[in-house]
Amino acid sequence: MTARRATTWVLLGAALILALSMGIRHGFGLFLAPMSAEFGWGREVFAFAIALQNLLWGLSQPFAGALADRYGAARVMVVGGILYALGLVLMASADSVWSLSLSAGLLIGLGLSGTTFSVVVGAVSREVPAEKRSMAMGIAAAAGSFGQFAMLPGTLGLLSWLGWSLALVALGALAALIVPLVAMLKDKPLPVSGSDQTLGAALREAAAHKGFWLLALGFFVCGFQVVFIGVHLPAYLVDQHLPAAVGTTVLALVGLFNIFGTYFAGWLGGRMSKPRLLVGLYLARAVVLVWFISVPVTLFTAYTFGVLMGILWLSTVPLTNGTVATLFGVRNLSMLGGIVFLFHQLGAFLGGWMGGFLYDRTGSYDMVWKISIALSLVAAALNWPVREQPVERLRMSPA
Amino acid sequence: MSRSLGVALSIAVAAGLLALAWWGWQRGGLALLQLGMGSCL
């Protein structure tokens, strides 16, 4: 098999794994109403389990990444796929706060850290040549976006056909497909040479690099904005006297255009400075947000907002991970990408929570929109000084 | 698992995902719009 064909299959396997893991995870919200109704729970029980899932996903991501860098992403993805499938099957029989937190929170949270962006993108990066890395990351991230868009109707179909419990078992069977798909990747840790860094040295090198922290803080803003908008936009549009279905359609537009935006960002990242593209992307978000809250909200402005935000949505993923790969190389990319992703999840947690907190205290989302705009400018300023120049260790090493 | 088996599996999974999405839309596209469809990470 030629190297080009081998790369194609690796990319295809990575794309399918991301489409499955991100797609299944994306439909969890559909289970809130039927599960809460059956057990007489308030919404906080389900919401707590999902919040726990997000937090554990973020906290365990650097460790899953470090294991992938040391022992190969394939092994981590197999364990992640098994935990994910097990979590879904146990969630199907969850009938208490604890069993739901254990299954949907702990097991699925850990499973996600083994089967999503940091680990999968790290494996792809090790397979493709440096000049094609950004586009390959864009394709993988676009596949995750496509999974999010395409799996929702499938999950809904399963829910209405089988009921929530059997639908979760069916999703568990789908998640289990990640395990054999890993055979496509054949990812192994890069061979150890005398000049290789230890894990601690890699961490110290990244921690001492200003660009690493600037990227991570910029990614925090991305998490804040996407979760604030994803969670609170439908309610905001209802507040603006639009029918409830409009919010759903706007988010569907975000999901659809996100596929194209993510791919395009990856493609551009291979031709232009990725940190400068991130600056442009965060500035563009600020402009779109200012425009959206400055004009009267109509169907046209809401749908246009969905299209524009969709293009800018996860475009940050290939650019941010690509910059980390350029700065520090691909050997420890899954771990370093995992640390950056942890900041994203912290921002996501804050964006979701602060949206509700400030709405309850001020009676509107105005303050959070303004914070989002200010954060966009901050993220643009944070990414501006980042230079896409490999660290000295890589510059000194033979090509 | 051989590479060819992996390729066959991935094609089957891709086709299955598309079929599931299409079936879901046919079965409950409107219900999906009413339930709410988030797209955040």
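How are α13(A) and α14(A) oriented to each other? In this predicted model, the axes of helix α13 (residues 274-294) of chain A and helix α14 (residues 299-312) of chain A cross at roughly 170° and come within 10 Å. Angles over 145 degrees count as roughly antiparallel, and α13(A) and α14(A) are therefore roughly antiparallel to each other. On the side of α13(A), the contact involves Leu281(A), Ala284(A), Arg285(A), Val288(A) and Phe292(A). These residues meet Thr301(A), Phe305(A), Leu308(A), Met309(A) and Leu312(A) in α14(A). By residue class, the contact of α13(A) with α14(A) comprises 8 nonpolar, 1 polar and 1 charged.

Helix α7 (residues 133-162) of chain A packs with helix α15 (residues 316-328) of chain A at an angle of about 140°, and their axes are 9 Å apart. The two helices, α7(A) and α15(A), are therefore oblique to each other. The crossing in which α7(A) passes α15(A) is right-handed. From α7(A), the residues Arg133(A), Ser134(A), Met137(A), Gly138(A) and Ala141(A) take part, and they meet Val317(A), Pro318(A), Asn321(A), Gly322(A) and Ala325(A) in α15(A). The residues of this contact of α7(A) with α15(A) divide into 5 nonpolar, 4 polar and 1 charged.

Helix α7 of chain A also holds Phe149(A). This residue counts as buried because it has 24 C-beta neighbours inside 10 Å, the criterion for burial being 20 or more. When residues up to four places away in sequence are not counted, Phe149(A) touches Gly255(A), Leu256(A) and Ile259(A). Phe149(A) and Gly27(A) are 122 residues apart in sequence, yet their C-alpha atoms are 9.6 Å apart in space.

The buried residues of α4(A) are Ala73(A), Val76(A), Met77(A), Gly80(A), Gly81(A), Leu83(A), Tyr84(A), Ala85(A), Gly87(A), Leu88(A) and Met91(A). Among these buried positions are Gly87(A) and Met91(A), both of which are in contact with Ser103(A).

Ser103(A) itself is placed in helix α5 (residues 97-115) of chain A. With 22 other C-beta atoms within 10 Å, Ser103(A) is buried. Leaving aside neighbours within four places in sequence, the contacts of Ser103(A) are Gly87(A), Leu90(A), Met91(A), Ala94(A) and Ile108(A). Val221(A), by contrast, is 118 residues from Ser103(A) in sequence and 29 Å from it in space, C-alpha to C-alpha.

The loop between α11 (210-239) and α12 (244-269) of chain A contains His241(A). His241(A) is not a glycine, although it has a positive phi of about 70°.

Chain B has 1 helix and 0 strands. Of its 41 residues, 34% count as buried.

Key. Residues numbered from 1 in each chain as written. Chains lettered and ligands numbered in written order. Predicted model: local features only at pLDDT ≥ 70, side-chain atom pairs only at ≥ 80, totals over all residues. Axes fitted to C-alpha atoms, helices over the stretch in contact; angles between N-to-C directions. Helix = DSSP H or I, 4+ residues; strand = E, 2+ residues; numbered from the N terminus. Parallel < 35°, antiparallel > 145°, perpendicular 65-115°, else oblique. Left-handed = near helix turned anticlockwise from the far one by under 90°. Contact = placed C-beta atoms within 7 Å. Nonpolar A, V, L, I, M, F, W, Y, C, P; charged D, E, K, R; others polar. Buried ≥ 20, exposed ≤ 12 C-beta atoms within 10 Å, placed from the backbone.
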